[in-house]
Amino acid sequence: GCICGENYKMTKTKKGYELYPLTVAQKFHLYYLPYCPSAAVLNIGTSLTIGTEVDWEVLRGSINKAYERSEAMRIRFTKDADGTYYQYIVDDTEDRKSRKIDFVDFYGQSMEEAENTMRQWTSVPFPFEDSPMTKIVMIRTPDGFNGVYFLGHHMVVDAQALIAFLKDIIEIYCNKKYEGIPYPKEMCSYVEQLKKDLAYEAGSKAKKRDSEFFENLIRQSEPVYNGIHGTDKLEAARKMFENPELRTAFNATADVTSALDIFHLEEEPTKRLLDFCEKYHVSLACLLLMGLRTYFQKENGQDDVSINNAIARRATLKEKKCGGTRIHSFPFRTIFSKNMKFIDAVYAIRDLQNEMFRHANYNPTEYFAYRSKVYRQPKVGLTYEPMSLTYQPMTLREKGLDDLGGISYKTKWYPNGMTTQAMYLTVMHRPEDNGLDFNFEHQVKAVSKKELEYLYYYLCRIMFKGAENPDLSIGEIIQLV
């Protein structure tokens, strides 16, 4: 059964606010901080602008109202004498005192200058203790669009939380400014969801079930590393440790400097992929995973492929609307022989993904710790997964913005300039035309732009060939591309 936080008693307080431990998803971000020269590695910067005049005072009021409606946006962190971190939620009055909403007019500059400034803002770390972990600036961009730049710390927002918050601001604003636009429904409580997560961690039956599922999965057999252009890194590691049986390689570099390269898939080809998904009742995430794993199978000649896959953990309405950071990332491993049909492989991915969704509250850190205990490696930093994938199905293009009667709007992400992973692919829907953006954040020293172009080219070819000929075998698809 579910323990809904009743037995979860907290006694610690700060300034009269109740203190709560960090969740697994939050702690996960703390693990890689020591490897980065700046805490800004956890910053998410984004802008949302609309192609119409904006009433700045009403916008400012709408921003304040959205903060008031969202507990998660008022999270503060603190640590006690023994160095343990806690979180607490300040009330709206204190929150409003502790942050200000500036207005910056980029009009008359070039778009590039404006973007560089916002990139610069994104690389400034937040003070961690007892301080707001988000910041909003009202902006007018050189193209005459108006809106906001939002900066958030990854321990209080993930992409879904951020999109929900920006949507809330816009809907509150539109309700005030335009006739017939309804006031948005309430957000959900972050604390209520937090208590559920903490109760789960405190030795619940569900946690035991999830541990068993993942430990069984891990014990089945050892995965193997696949490189972006073949087995060179695997061979190098085998040579280095004088072990021809070694199945891991060094993937990331010590230099965490990163770049963001974005590839745009047009609306029409995107629609072909979405039509395939609809026809066969699979999600686009399944097709993307299939495309990526098949690319690595083609390049490495191995049927066994594992890549990290982010799970949003926002299935229920309460999870969707509670804010915070909920992403858990797990290796997604498939072993498909080349004579398996493309469509059967996609179905197998769907089934495995559904199974993993059911157990996704499990702590990913425990997953990696357990795996490295079962398959001991000669050195720390050796890995099986060449990359991570996140598919972001949520868009601002849902309800609310579409009621604005065709006002155009733009969203943009600003990289913080560093990553501890060699390659992180985020696939999102573009608000302008609903085509897909493939955002590759990658370590400059680990993966070059040329390699990404090659990967992207073949990833698309595999997905389109497979979507057009789902009954062909994986081997036949690989031959065709």
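Me: Which residue of strand 6 stands opposite Thr78?

Reply: Thr78 faces Tyr86, and Phe77 stands opposite Gln87 in strand 6. The model is a predicted one, in which local features need pLDDT of at least 70, side-chain atom pairs count only at pLDDT 80 or more, and totals for chains, interfaces and linings use all residues. Residues are numbered from 1 along each chain as its sequence is written, and side-chain values use heavy atoms, with hydrogens and water left out.

Me: Why are strand 5 and strand 6 said to pair?

Reply: Two strands pair if DSSP finds at least two bridges between them. A strand here is a DSSP run of E with at least two residues, while a helix is a run of H or I with at least four, both numbered from the N terminus. In general, strands of a sheet pair through backbone hydrogen bonds, either parallel or antiparallel.

Me: What lies between the two strands of this hairpin?

Reply: Five residues separate strand 5 from strand 6 in the hairpin, and Gly83 takes a positive phi near 90 degrees.

Me: What makes strand 3 and strand 5 edge strands?

Reply: Three strands form an open antiparallel sheet in the order 3-6-5. Strand 3 (20-21) and strand 5 each pair on one side only, and they are the edge strands.

Me: Why is strand 5 called largely enclosed?

Reply: A residue is buried when its relative accessible area is under 20%, exposed when it is over 50%, and partly exposed in between (1.4 Å probe, protein chains only). Four of the five residues of strand 5 (residues 75-79) are buried, so the rest of the structure largely encloses this strand.

Me: What makes the contact between Glu57 and Arg60 a salt bridge?

Reply: A salt bridge is a side-chain nitrogen of Lys or Arg within 4 Å of a carboxyl oxygen of Asp or Glu. The distance from N to O for Glu57 and Arg60 is 3.5 Å, so the pair qualifies. Both residues lie in helix 2 (residues 56-69), three residues apart, about one turn of the helix. Glu57, at 53%, counts as exposed, whereas Arg60, at 24%, counts as partly exposed. In general, side chains of opposite charge can pair when their charged atoms come close.

Me: How do you know that Asp255 and Lys445 form a salt bridge, and where do they lie in the chain?

Reply: Their side chains meet at 3.0 Å, N to O, and this value falls within the 4 Å limit. The pair links distant parts of the chain, 190 residues apart: Asp255 is in the loop between strand 10 (249-250) and strand 11 (258-265), and Lys445 is in the loop between strand 18 (436-443) and helix 14 (449-468). Asp255 is partly exposed at 28%, while Lys445 is exposed at 61%.

Me: How many salt bridges does the rule give?

Reply: The count comes to 36. Among them is the bridge of Arg272 and Glu268, at 3.1 Å from N to O. These two residues are four residues apart in helix 9, about one helical turn. Lys65, Glu68, Asp92 and Arg96 are linked in a network of salt bridges.

Me: Why is Ser283 called partly exposed?

Reply: Its relative accessible area is 32%, which lies between the 20% and 50% limits. Ser283 is in the loop between helix 9 (267-280) and helix 10 (284-300). Leaving aside neighbours within four places in sequence, Ser283 is in contact (heavy atoms within 4.5 Å) with Cys277 and Gln353.

Me: What makes helix 10 mostly covered?

Reply: Of its 17 residues, 16 are buried. Helix 10 reaches 24 Å from its first C-alpha to its last, close to the 24 Å expected, where the expected span is 1.5 Å times one less than the number of residues. Gly301, which follows helix 10, has a positive phi near 65 degrees.

Me: Why is the protein described as being as compact as a globular protein of its length?

Reply: The protein has 15 helices and 18 strands. Its radius of gyration is 23 Å, close to the 23 Å that the globule rule gives for 481 residues, so the description applies. The radius is taken over C-alpha atoms, and the rule is 2.2 Å times the number of residues to the power 0.38. Buried residues make up 54% of the 481 residues.
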